[in-house]
Amino acid sequence: MAFTRATGKHRARSRMTRRGANMAKVATLTAAGVIGTLGSPALAADAEAAVAQDAAPAAATDPVIVIDGSLAATIDAQADAQHLAARKAEAEAKAEAKRKAEAKRKAEARAKEAREAEERAARAAERKRLASFQLPVAGSPVTTGYRTGGALWSSGSHSGVDFRAASGTSVVAVGAGTVVEAGWGGAYGNNVVIRMNDGTFTQYGHLSSIGVLVGQSVTPGARIGLSGSTGNSTGPHLHFEARTTAEYGSDIDPVAYLRAHGVGV
């Protein structure tokens, strides 16, 4: 192994310096006749050994690793395999990330389509509901028909139909529209008139109380008041009319009107 040498004046002399010094000593002794003539065999042997030791290659003290061609090829092959494996892992990671991103995109697209489908269905259902019609008093039969004659009506006949309804029964709008009248209506007592979304008008008379205001929008089934016997009435019931205008005298058959809008009467 190689070591870092000390620096400065404390650094040991190099091998070349030591070798040169030893050789100089031997030359001096030889010239003086100490070695080979006067000196002892032991001293000469030691001097020769010192020279031989200094003459040994410096690399002999360090370990040397020799790699033959077969081992080098194996190392190169392993390095190539590791590099290939790393590239393959990187490619697989990118492919997996791309797959997940695509799966997420498709899931988000499906979720968006589902939301849009639900919204379309909700809008369609709301349009259908707003276009629907129903009875003004749930489950109530007609007790007095349209155009029934008698002295009870100033015109000589009934301009609408009467639905059976005990006092305080909930009265609802038969369809969607806007309130154009809400208050006292003379012979009709407390009454409400609604302009329907199809341009026709409906009237609800003899109410005991009114629950809407002029200008208010109503939907099918929205409560507009409670039944009663106000105005020209012989007892609690609901007087219902269908009209072409908001004015008295433009009445049409309310039963036929409701049936034309899908309501069984």
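Before anything else, a cut-off I need: a residue is buried under 20% relative accessible area, exposed over 50%, and partly exposed in between. I also note that I'm working with a predicted model.

**Entry: Glu116.** Buried, exposed or partly exposed: where does Glu116 fall? I found a relative accessible area of 33%, so Glu116 counts as partly exposed, since that value sits between the 20% and 50% cut-offs. I then looked up where Glu116 is, and it belongs to helix 4, which covers residues 69–131.

**Entry: the patch.** Which residues form a negative surface patch? I wrote down Glu113, Glu116, Glu118 and Glu119. So my Glu116 turns up again here, as a member of that patch.

**Entry: Leu213.** I moved on to a loop, the one between strand 6 (201–210) and strand 7 (217–218), and picked out Leu213 there. Its relative accessible area is 62%, so I put Leu213 down as exposed. I also checked Leu213 against Glu181: they are 32 residues apart in sequence, and their C-alpha atoms are 7.8 Å apart in space.

**Entry: the whole chain.** How many helices and strands does the protein chain have? I count 5 helices and 10 strands. The chain has 265 residues, and 26% of them are buried.

Key:
Residues numbered from 1 in each chain as written. Predicted model: local features only at pLDDT ≥ 70, side-chain atom pairs only at ≥ 80, totals over all residues. Heavy atoms only, no water. Patch = residues over 30% accessible without salt bridge, like charges linked within 9 Å, V, L, I, M, F, W, Y side chains within 5 Å. Areas by Shrake-Rupley, 256 points an atom, 1.4 Å probe, with all protein chains shown as cover. Salt bridge = Lys/Arg side-chain N within 4 Å of Asp/Glu carboxyl O. Lys, Arg positive; Asp, Glu negative; His and termini not counted. Charge placed at Lys NZ, Arg CZ, Asp CG, Glu CD. Helix = DSSP H or I, 4+ residues; strand = E, 2+ residues; numbered from the N terminus. Buried < 20%, exposed > 50% of the residue type's maximum accessible area, 1.4 Å probe, protein only.
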